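I opened this entry to keep track of what I looked up in the model. The notes follow the order in which I checked things.

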Amino acid sequence: MRLLVEGMSKRYRGGVQALRGVNLALKPGVLGLLGPNGAGKSTLMRILATITQPSAGRVLWNDSDIAHEPDGLREVLGYLPQDFGVYPNLSAIEFLDYLAAVKGIPADAARRRISELLALVNLADAAKRPLGGYSGGMRQRVGIAQALLNDPKLLIVDEPTAGLDPEERVRFRNLLSELSGERIVILSTHIVSDVEAVATEIAILGHGQLLAHGAPEALLSRVEGKTWEVVAPSGELPALRTKYLVSSTAHRSDGVHARVVADAAPNGAARALEPTLEDAYLAVLAAKRNGAVAGVAA
Amino acid sequence: MSAVQSIAAIARADFLERTRRYSFFLALLFTVFLGYLAATGKIWLQFDSYRGVLTSAWIGTLVALTVTFFVSLVGFYIVKNSVERDRDTGVGQILAATPLSKPAYAFGKFLSNFAVLSAMVGVLAVVAIAMQFVAAEDAKVDLVALLSPFVLIALPMMAFTAGVALIFEMVPWLRGGLGNVAWFFVWISGIIVPVESQRWLDPMGLLMVMDSMAAEAKRYVPDYHGGQSFQIDVGNRAQVIQAWHWQGMGWEARFVGLRLMWFGVACAIVLLAAAVFDRFDTAKAAWSKRGKASKAKNGAADTVASGAGSAAVPVHLTPLAKPARVHAFGRLFVAELRLELFGLRWWWYAVAGGLLIAQFAAPLEVSRGPLVASAWMWCVFVWSGMGARERRFETRGLLFSCSNILPRQLLACWSAGVAVSVMAGVGAAARLALAGDAAGLAGWLAGALLLPSAALFLGVLSGTSKPFEGALTLAWYVGPMNHTPWLDFTGAANGRHEMAYAMTMVAIAAGCVIGAMMVRARQLRSV
């Protein structure tokens, strides 16, 4: 099971360049796709889900080009788009049964699968009620269930935790971890903590370019020994932000405690900290902004 | 910000949003097509078999009547989406949380509707000027005579149309397909009521113009017997009476007052629309008992579902024993049929059943004509979602990433639509078969295939249900109800040409299905 993205670019009508020469090689596991708004994450996901064509480059699923043979991938694909709708007069069971029919799942297997999935996403009690009255989070869980209907080998989920309460978010992360063993899961988000919890690999997109791709440890190693805590009067915070990459701040009685990513300690009183994925992510984006694209770690 | 500024801002934003959409470009193309029909003599004002010289007044009035007649009918469907868009995009929720008043919102949307329709009128006004030079029957260009009919005939009707489109969006039960069908009857009443009884109740100004022209025709045409028509006519050219230089309406105060009255009517409708406007309160949207019940239940479901969550639930998913049968058609056909029929209430089935029983009981000519036509008309909302549902409910991302989606899903959807037409009209088919009327049966079959095919094509192409709902209502009225050959989709009005009609309609139905496939294939490449 292998997914290869080779030199993929996407230019929309009107000249917007969403992706530029993206290369990726994926094996079973969870790829966390990070990037700011407008980085090209959803475009990449849509191309991988076969519903948008790239302008250049290709995507190979087990060595066959999905632009020419999309159905080979679609048979084993589970896709949760960032924005999707439901038929409001159908219940969750009826809607999932309809999609199961579209996916060609036999009726008896579909019935069992739908029942299990609704329990899994915690919707068993609301399963027979019209979707039109569901909250955003409940609808999102129906979306997650439909993506798993056909036992997919490639699961693409675009901003899956949007609208979920904290408890459901944790539940969904656990679900992804459990599912990832024998399939490729691509999780697109801008919530770093979601990726931190489940990803076996991380890719960072910025302005349509792949800025970094590798194991979380490799990404963390980039900011190893470069993360500091600086305590400064709150009036000095703007100057600190101008000079350094400040990933977070907290106001305390002795001043502002700023988390700073810098090659050397900003001052003699700075305290070295354990780097987090968020520090690494921000450092990669800052490097791009400053013109030095971070080297891709294998 | 003053109310006037708020109204202007809403109208401007809505107008800009619309004019930057592809559908506006199509609307303008439709307008240009109307201009072409008028300029090439395919739309005509005729008095017995005569007409006047193509002066500025005659051309301006002819084109203004054309735009009033056709753009008001079609334009309604073009502009009846302004509030719906705010509802769907969530912009309405943002507006509802501002100090904006309901009348200001309603007037802003009305002005946007009116501006879109007026833009179409403007295009045809330019066509009218060009038409006088092309026709070259009268060299004198009188801009007042040429353009005043656009201002005093076309624009009042556009205002009325814009107002009705707005109130149809505000009244919950008129928002959907029922409103789309109801508009046709409101529109046709605007022609019938003044002719039959109240001549002043003439939103299109048609009688006012025809009376004025007929009065002059009596002076210049010795054998004029009072016949008058505004028609689309390809072959039957009228004879020009060179002496008859109609100088225009004259626009006496009474006429102007009657025309301006329609702006007043439109404003009253807008105020009424503001009064019934729910201000995007979704709780008020639960206007039906069913809706209320669902909302109440769902409120409870939300609490239960959120509270019962547990992060530690292990994953138990039974692997699929058999691989998905991506070519299996029967299950998908049943699923599509259920989707098409879902949500229909008991009374829908009761009426459909009644029409079916009547097809068995009534005389054959009634059974295969008006009865089967009405049975199929009754199915308009079942078919109108075909091909459009995926865009309307934004399920394209979910569906288009499924294996072998084309042609499987579209064919299943079409087959389900055909099954509905067959079930609704099987009584007439049985009667025709028993009577041994092969041509009649072929005509019936052509109708049964044509209607769902056209619905599918228009749905896939437009992504909305409105074009089919409007087109079928018009075709039902003009065709089977008025026995117009080639437009009667039951085939009954075609007499000895019925077999030729049937074959042509089957070919058109096939074209619609192939067209739908081609459009969907393009959509699949880029959602």
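I began with one residue pair: A:Leu31 stands opposite A:Ile186 in β8(A). I took helices (H or I, at least four residues) and strands (E, at least two) as DSSP runs, numbered from the N terminus. The model is predicted, so I kept in mind that local features need pLDDT of at least 70 and side-chain atom pairs count only at pLDDT 80 or more, while totals for chains, interfaces and linings use all residues. Residues are numbered from 1 along each chain as its sequence is written, and chains are lettered from A and ligands numbered from 1 in the order in which they are written.

Sheet of chain A. I looked up how β3 (residues 29–34) and β8 (residues 184–189) of chain A are joined: they run parallel, with six bridges. I counted two strands as paired if DSSP finds at least two bridges between them. The open sheet has six strands in the order β6-β7-β8-β3-β9-β10 (chain A), and its pairing is mixed. At the edges I found β6 and β10 (209–214) of chain A, each with a single partner strand, so one side of each has no neighbour in the sheet. On average, neighbouring strands of this sheet are turned by 15° against each other, direction ignored. For angles I used lines fitted to C-alpha atoms, for helices over the stretch in contact, with values from 0 to 180 degrees between N-to-C directions.

Helices on the sheet. I noted that α5(A) packs on the sheet and touches β6 and β7 (154–158) of chain A, its direction making about 170° with that of β6(A). Helix α10 (residues 277–289) of chain A also packs on the sheet, touching β3, β9 (201–206) and β10 of chain A, and its direction makes about 30° with that of β9(A). Contact here means C-beta atoms, placed from the backbone, within 7 Å.

Chain A overall. I counted 10 helices and 14 strands in chain A. Its radius of gyration (over C-alpha atoms; the globule rule is 2.2 Å times the number of residues to the power 0.38) is 21 Å, close to the 19 Å that the rule gives for 298 residues, so chain A is as compact as a globular protein of that length. The C-alpha trace of chain A spans about 70 × 45 × 40 Å along its principal axes. Of its 298 residues, 49% count as buried, meaning 20 or more other C-beta atoms within 10 Å of a residue's own, with C-beta atoms placed from the backbone (exposed: 12 or fewer; partly exposed: in between). I also checked helix α1 (residues 41–48) of chain A, where eight of its eight residues are buried. A:Thr50, which follows α1(A), has a positive phi, near 70°.

Chain A against chain B. I found 55 residues of chain A in contact with 47 residues of chain B. The largest share of the chain A side, eight residues, comes from α6(A). By class, that side has 26 nonpolar, 13 polar and 16 charged residues. Ala, Val, Leu, Ile, Met, Phe, Trp, Tyr, Cys and Pro count as nonpolar, Asp, Glu, Lys and Arg as charged, and the others, Gly among them, as polar.

Note on methods:
Two residues are in contact if their C-beta atoms, placed from the backbone, lie within 7 Å.
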